[in-house]
Amino acid sequence: MSAILRDPLLRLRPLRESDIDAIMTVEHRCYEHPWTPGIFRDSLRVGYICWGYFLDQRLVGYAVMSVAAGEAHVLNICTDPEMRGQGLARRLMQRLINQAREREADTVFLEVRVSNRVALGLYESMGFNEIGLRRGYYPAAKGREDAILLAKAL
């Protein structure tokens, strides 16, 4: 286990609207085409599962998932670039999987950019399998990028 995961100042808690500025700081550090504050507000308003890791009050990772009709969809998972490689994303994904089970979902779905080999490796190591390809799914610097569709049976 990495040192960060043992840090007593690291806390996982549900996200709230007052976290949106901090979320946007991380979102802009990680993505060329970030979600808007309105998307995060709407996710919270409609009751999506939204968790964040905080290190001494600083947001260092977060995840958003919807659950309906027996299916869970991971919509966003992000770790601050300074905190990557320390197990936070794995812990966030495990929290989402546990929440999906608690809400009686039978499958968790997500999309990942074909270029994001690190994330793809994480998801595959957690039991996700490729089930399809979404052509031109993500905006990219030069047009659009394909997404690999993954699923994990619960």
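**Salt bridges and packing**

Reply: Searching the whole structure turns up 10 salt bridges. Keep in mind that this is a predicted model.

Me: How far apart are N and O in the salt bridge of R29 and D80?

Reply: 2.8 Å, N to O, between the two side chains. The pair links distant parts of the chain, 51 residues apart. R29 is in helix α2, residues 20-30. D80 is in the loop between β4 (71-79) and α4 (88-102).

Me: Is D80 buried or exposed?

Reply: D80 counts as buried, because its relative accessibility is 2% and the cut-off for buried is under 20%. R29 has 40% relative accessibility, so R29 counts as partly exposed.

Me: Which other residue forms a salt bridge with D80?

Reply: R58. The closest N and O atoms of D80 and R58 are 3.2 Å apart. R58 sits in strand β3 (residues 58-68) and D80 in the loop between β4 and α4, so this pair ties together parts 22 residues apart in sequence.

Me: And how accessible is R58?

Reply: R58 has a relative accessible area of 34%, which means partly exposed.

Me: Which residues are linked with R29 in a network of salt bridges?

Reply: R58, D80 and E82 are linked with R29 in that network. As background, side chains of opposite charge can pair when their charged atoms come close.

Me: What about E111, which residue does its side chain meet in a salt bridge?

Reply: R134, at 3.0 Å, N to O. E111 lies in strand β5 (residues 107-113) and R134 in strand β6 (residues 129-140), so the pair ties together parts 23 residues apart in sequence. R134 is partly exposed, because its relative accessibility is 34%.

Me: OK, switching to helices. At what angle do α2 and α3 cross?

Reply: Roughly 130°, with the axes coming within 10 Å. That angle is why α2 counts as oblique to α3. Helix α3 covers residues 37-45. The crossing of α2 past α3 is right-handed.

Me: Which residues meet there, α2 against α3?

Reply: From α2, I20, I23, M24 and E27. From α3, P37, F40, R41 and L44. By class, the contact has six nonpolar residues, no polar ones and two charged ones.

Me: Now α4 and α5. How do the axes cross?

Reply: The axes of α4 and helix α5 (residues 117-125) cross at roughly 45° and come within 11 Å. The two helices are therefore oblique to each other. α4 passes α5 in a right-handed crossing.

Me: What meets what in α4 and α5?

Reply: A89, R90 and M93 in α4 meet L122, Y123 and S125 in α5. The residues of this contact divide into four nonpolar, one polar and one charged.

Me: Is Q57 buried or exposed?

Reply: Q57 is exposed, because its relative accessible area is 74%.

Me: Which residues is D19 in contact with, leaving aside neighbours within four places in sequence?

Reply: R13, P14 and F54.

Me: Last one, D106. Where is its place?

Reply: In the loop between α4 and β5. D106 counts as partly exposed, because its relative accessibility is 47%. Leaving aside neighbours within four places in sequence, D106 is in contact with G70, K152, A153 and L154.

Me: How far is D106 from T79 in space?

Reply: 26 Å, C-alpha to C-alpha. In sequence, D106 and T79 are 27 residues apart.

Note on methods. Residues numbered from 1 in each chain as written. Predicted model: local features only at pLDDT ≥ 70, side-chain atom pairs only at ≥ 80, totals over all residues. Heavy atoms only, no water. Salt bridge = Lys/Arg side-chain N within 4 Å of Asp/Glu carboxyl O. Helix = DSSP H or I, 4+ residues; strand = E, 2+ residues; numbered from the N terminus. Buried < 20%, exposed > 50% of the residue type's maximum accessible area, 1.4 Å probe, protein only. Axes fitted to C-alpha atoms, helices over the stretch in contact; angles between N-to-C directions. Parallel < 35°, antiparallel > 145°, perpendicular 65-115°, else oblique. Left-handed = near helix turned anticlockwise from the far one by under 90°. Contact = heavy atoms within 4.5 Å. Nonpolar A, V, L, I, M, F, W, Y, C, P; charged D, E, K, R; others polar.
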